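Subject: Structure handover

Hello,

I am passing on the structure we spoke about, with my notes below it. Please keep it open while you read.

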Amino acid sequence: MSNVQMRVKATAKGTKVEATAKKHTIIIDEPKQQGGTDEGANPLETLLAALAGCENAVANMVASEMDFDLQAIEFEIRGELDPRGMMGTEGVRRHFQTVTVNAQIKTSESDDRIQELKDKTDDRCPVFQTLYNADVDMITNWTKA
């Protein structure tokens, strides 16, 4: 199988970015108190949303392979970082220190099967693995809804 290339085109005006991925438009912006127009989620919130989207897509693929009764997933994802890194303070990481994924799984499956789905999903999710390999402390809690 050959590699798949992803492509996004983006135009920026001030802090607002309008990105196009295939036929889809994504608006990324900063809140007004940070000089933005608040027309979209900020870049870090967008990254956390991408994690939810990727985990969901991979979980559905894995669930099909496992013959797992996956009816729905509800995610709450939090990222923690020290903003001094973004502001240029030496020795402070510029990315998330911790990302916590809390997922409520609507299913008839057992807790053990939910954990198996979580483990396989985290292992195969490219966004999760990108954060993990950047030494972000990834905390994942998947429970039955």
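Helix α1 and helix α2 (residues 111-124) pack with their axes 9 Å apart, at an angle of about 125°. That angle makes α1 oblique to α2, where oblique is what remains once angles under 35 degrees (roughly parallel), over 145 (roughly antiparallel) and 65 to 115 (roughly perpendicular) are set aside. Axes here are lines fitted to C-alpha atoms, for helices over the stretch in contact, and angles run from 0 to 180 degrees between N-to-C directions. The crossing of the two, α1 and α2, is right-handed, meaning that the near helix is turned clockwise from the far one by less than a right angle. On the α1 side the contact (heavy atoms within 4.5 Å) is made by E55, V58, A59, M61, V62, A63, E65 and M66. On the α2 side it is made by R113, E116, L117, K120, T121, D122 and R124. By class, the contact of α1 with α2 has seven nonpolar, one polar and seven charged residues. For these classes, Ala, Val, Leu, Ile, Met, Phe, Trp, Tyr, Cys and Pro count as nonpolar, Asp, Glu, Lys and Arg as charged, and the others, Gly among them, as polar.

The model is a predicted one, in which local features need pLDDT of at least 70 and side-chain atom pairs count only at pLDDT 80 or more, while totals for chains, interfaces and linings use all residues. Residues are numbered from 1 along each chain as its sequence is written, and side-chain values use heavy atoms, with hydrogens and water left out.

α1 (residues 43-66) also packs against helix α3 (residues 126-133), at about 130° and with the axes 7 Å apart. α1 and α3 are therefore oblique to each other as well. From α1, the residues in this contact are L47, A50, L51, C54, E55 and V58; from α3, they are P126, V127, F128 and L131. The contact of α1 with α3 divides into nine nonpolar, no polar and one charged residues.

β4 and strand β5 (residues 98-107) are antiparallel, with 10 bridges, and I73 stands opposite I105 in β5.

The other open sheet has the order β1-β2-β3 and antiparallel pairing. Here β1 (9-13) and β3 (24-28) are the edge strands. Five bridges join β1 to β2 (residues 16-21), and A10 faces A19 in β2 across the pair. β2 and β3 also pair over five bridges, with H24 in β3 as the bridge partner of A21. Two residues lie between the strands in the hairpin of β2 and β3, where K22 takes a positive phi near 55°.

Overall, the protein has three helices and six strands. Helices (H or I, at least four residues) and strands (E, at least two) are DSSP runs, numbered from the N terminus. Along the sequence the pattern is β-β-β-α-β-β-α-α-β. Of the 145 residues, 32% are buried, that is, under 20% relative accessible area with a 1.4 Å probe, protein chains only.

Regards

Conventions:
Two strands pair if DSSP finds at least two bridges between them. Buried means under 20% relative accessible area, exposed over 50%, partly exposed in between (1.4 Å probe, protein chains only).
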